Amino acid sequence: MENHTKEELQDPTMQVSSLNCIDLANDDLHRSVVSLKQACLDCGFFYVINHGINEEFMDDVFDQSKKFFALPLEEKMKVLRNGKHRGYTPVLDEILDPENQVNGDHKEGYYIGIEVPKDDPDYDKPFYGPNPWPDSDVLPRWRETMEKYHQEALRVSKDIGRLLALALDLDANYFDTWEMLGKPIATMRLLHYEGVSDPSKGIYACGAHTDYGMMTLLATDGVMGLQICKDKNAKPQKWEYVPAIKGAYIVNLGDMLERWSNGFFKSTLHRVLGNGQERYSIPFFVEPNHECLVECLPTCKSESNVPKYPAIKCSTYLTQRYKETHAELSIYNQEI
């Protein structure tokens, strides 16, 4: 088990969460779907094992991530986040819980999305386009490693998407259509946490939030820090640690799937507390196509259970959420 701070060990309200584990290699499909459905109804967090991504390759992805964050700040600022939300995000760039955070998150990151060339008809859409990449002379093999990981994580996401469809009483390939996961907005984010947190002073490694999209696949370096709050309306809120399992993804549902399922499946509040140790993680955010209209699924509504959320286009929803949580890019132009 990873190290806890003294304060955490003394706090009786801090518990370790027990999550269902979904084995993608399990031949008993019914059992996997039942276990997944239970997890989605309970808290929307679960582990995924036997996903087919080699551990040696994952170690290489984390090594390459560490190499980028170890670069001087001026080198990282050469690939600063652009208007399409790709590239480097400095420490304090993002503020996810403004009610409780004094400044932004004490983490730095790097967004990488699906590479879309200039001659693609979707090039001008807000979450498509080319990624900025660090100089290959500075970080050889870096781009190739990250692009390969993006492809692998997207493959796993689609496998999980088929199980989710079955758990929602839909056809297994329901989410495979072009307007959903056929041409999705899928964004990985390399993250480096400084290990800094002091909730009594409004300082968090990552403020409490729910994810915006359909689902998130999280790979971590094993350092403890992720916490979930299964009941966001409870007073006081009860936070539980989610331990990492070597070789497993921690998967959570996002707000879009909660909307799609009419509140049936849960998008759960989570945060990261630093304990003095540096921490590296790689969330992979899965959202449907720009044009996808997110509206109540046919199996999640009835005469007695009418749709709770208005329909909204995916790109409209994401643009709104990113704007609410990220600093204006103009502040960096003033600083450089």
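Which residues does leucine 164 touch, not counting residues up to four places away in sequence? Leucine 164 touches Leu36, Cys40, Phe175, Met214, Met215, Leu253, Leu257 and Phe265, where contact means heavy atoms within 4.5 Å. The model is predicted: local features need pLDDT of at least 70 and side-chain atom pairs count only at pLDDT 80 or more, while totals for chains, interfaces and linings use all residues. Residues are numbered from 1 along each chain as its sequence is written, and side-chain values use heavy atoms, with hydrogens and water left out.

**View 1. The largest nonpolar core comprises 79 residues.** A nonpolar core is a set of buried Ala, Val, Leu, Ile, Met, Phe, Trp, Tyr and Cys residues joined through side-chain atoms within 4.5 Å. Buried denotes under 20% relative accessible area, exposed over 50%, and partly exposed in between (1.4 Å probe, protein chains only). Phe46, Tyr149, Leu164, Phe175 and Tyr249 have the most contacts inside this core. Helix α5 (residues 142-167) gives the most to the core, with eleven residues. Apart from it lies another core, of nine residues, including Leu19, Cys43, Leu218 and Ile250.

**View 2. Helix α5 contains glycine 161.** Helices (H or I, at least four residues) and strands (E, at least two) are DSSP runs, numbered from the N terminus. The 26 residues of α5 reach 37 Å from the first C-alpha to the last, close to the 38 Å expected at 1.5 Å a residue; the expected span is 1.5 Å times one less than the number of residues. Glycine 161 counts as buried because its relative accessibility is 3%. Leaving aside neighbours within four places in sequence, glycine 161 is in contact with Phe175 and Met215. Just after α5, aspartate 169 takes a positive phi of about 60°.

**View 3. Five strands form an open sheet of mixed pairing.** The strand order is β1-β10-β9-β12-β7; two strands pair if DSSP finds at least two bridges between them. The edge strands, β1 (15-16) and β7 (206-209), each pair on one side only. Strands β9 (residues 226-229) and β10 (residues 240-241) pair in the antiparallel sense over two bridges. Glutamate 240 in β10 is the bridge partner of isoleucine 228.

**View 4. Threonine 220 is found in strand β8 (residues 215-220).** The threonine 220 side chain reaches the backbone nitrogen of glycine 222 at 3.0 Å. Leaving aside neighbours within four places in sequence, threonine 220 is in contact with Phe62, Ala244, Arg279, Tyr280 and Ser281.

Conventions: Polar contact = N/O pair within 3.5 Å; in protein donor to acceptor, adjacent residues only side chain to side chain.
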